[in-house]
Amino acid sequence: MSNKVTVLHGHSFDVTLPQQVDLVVHEILGEVAGIEGVARVIRDAQHRLLSAFPSPLRTSIPASATSWVAACEFPDAEYWASLTHPVILPPGATTLKVWNFPNRNILSGWLEMERLDFESEGGLAEVDRRELAVAVTREGTLAGLVVRMEASLMEDGAREISSWCLSEREGGAQTCQGHWAQQMIVFGEGIGVRSGEVVLVSVVCDTRTMQPSYAFNVSIDRGGGEVERVGLRVLEAQTLGSGGVGALRAQGFQSF
């Protein structure tokens, strides 16, 4: 294969290609789609390495990646008992890496919090700010947010890759296999919520540096003009754990 494939060792920011290319193939995706810095890498590739961008032809595999967020309870005792290996949670853990987060502990629908379209004519934004609102679907204890990632390989919207392997249509049965887990962002011991109340999530995705950051500011709209602040979390790649538990930098957090 040496006469067909040339391997250049080094960081893509530092590598100079013998000629510009038509297509970039990459996998710099995490459990939060852009957490590993893919946006900054692809912006550089579009500027320096691609022969034409934007282009009517395919320029990236995958075509896009998306992160979704939902309000959730802390995984229940049934979930922890089902694990093959026990997980010890340190006091004050503020993020969890969870495989097959239980559907029964989801408190809302899913909202798109991040979208990376690697072939968009406008390129990838450096900062993505979103104001999200999602209704609580049942009474429960809001303990945080769970994040899932999807990616489309051959065309935008195909979603061949997903870190969410449970289908509500099949009663919560596992329907796919993958090496990505879900990240749960924990906001304390929990706060009671009722059906119809609205979880407000302000999300700022900042990808200007190689280590992007995600700020989540959460409140609950109780109705009648009553809004209760839950807290702020800032998620960064270097503070995520590789095992069952990671850590988040907390700012302005209110304990319950």
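**Entry: the ground rule.** I kept in mind throughout that this is a predicted model.

**Entry: salt bridge count.** I searched the whole structure and got 13 salt bridges. I then picked some of them to look at one by one.

**Entry: Glu 78 and Arg 104.** I found these two side chains in a salt bridge, at 3.7 Å from N to O. The pair links distant parts of the chain, 26 residues apart. Glu 78 sits in helix α2 (residues 77-82), while Arg 104 is in the loop between β4 (95-98) and β5 (111-117). I checked accessibility too: Glu 78 comes out exposed at 55%, and Arg 104 is partly exposed at 39%.

**Entry: Arg 130 and Glu 112.** Here I read 3.0 Å from N to O for the salt bridge. Arg 130 belongs to strand β6 (residues 127-135) and Glu 112 to strand β5, so this pair ties together parts 18 residues apart in sequence. I noted Glu 112 as partly exposed, with a relative accessible area of 23%.

**Entry: Glu 228 and Arg 222.** The closest N and O atoms of this salt bridge are 2.9 Å apart. Shared partners extend the picture: Arg 194, Glu 197, Arg 222 and Glu 228 are joined by salt bridges into one network. I have Glu 228 down as partly exposed, at 28% relative accessible area.

**Entry: Arg 43.** Which side chain of opposite charge is nearest to Arg 43? I got Glu 126, at 4.5 Å. A salt bridge needs the nitrogen within 4 Å of a carboxyl oxygen, so Arg 43 has no salt bridge, even though Arg 43 is buried. I placed this arginine in helix α1 (residues 38-48). I also listed what Arg 43 touches, leaving aside neighbours within four places in sequence: Leu 124, Ala 125, Glu 126, Thr 207 and Arg 208. Glu 126 is thus on the contact list, but without a salt bridge to Arg 43.

**Entry: cysteines.** How many disulfides does a search of the whole structure find? I got zero. I looked up accessibility for two cysteines anyway. Cys 72 counts as buried, at 0% relative accessibility, and Cys 205 is buried as well, with a relative accessible area of 2%.

Note on methods
Residues are numbered from 1 along each chain as its sequence is written. This is a predicted model: local features need pLDDT of at least 70, side-chain atom pairs count only at pLDDT 80 or more; totals for chains, interfaces and linings use all residues. Side-chain values use heavy atoms; hydrogens and water are left out. Helices (H or I, at least four residues) and strands (E, at least two) are DSSP runs, numbered from the N terminus. Buried means under 20% relative accessible area, exposed over 50%, partly exposed in between (1.4 Å probe, protein chains only). Lys and Arg count as positive and Asp and Glu as negative; His and the chain ends are not counted. Contact means heavy atoms within 4.5 Å. A disulfide is a pair of cysteine sulfur atoms within 2.5 Å.
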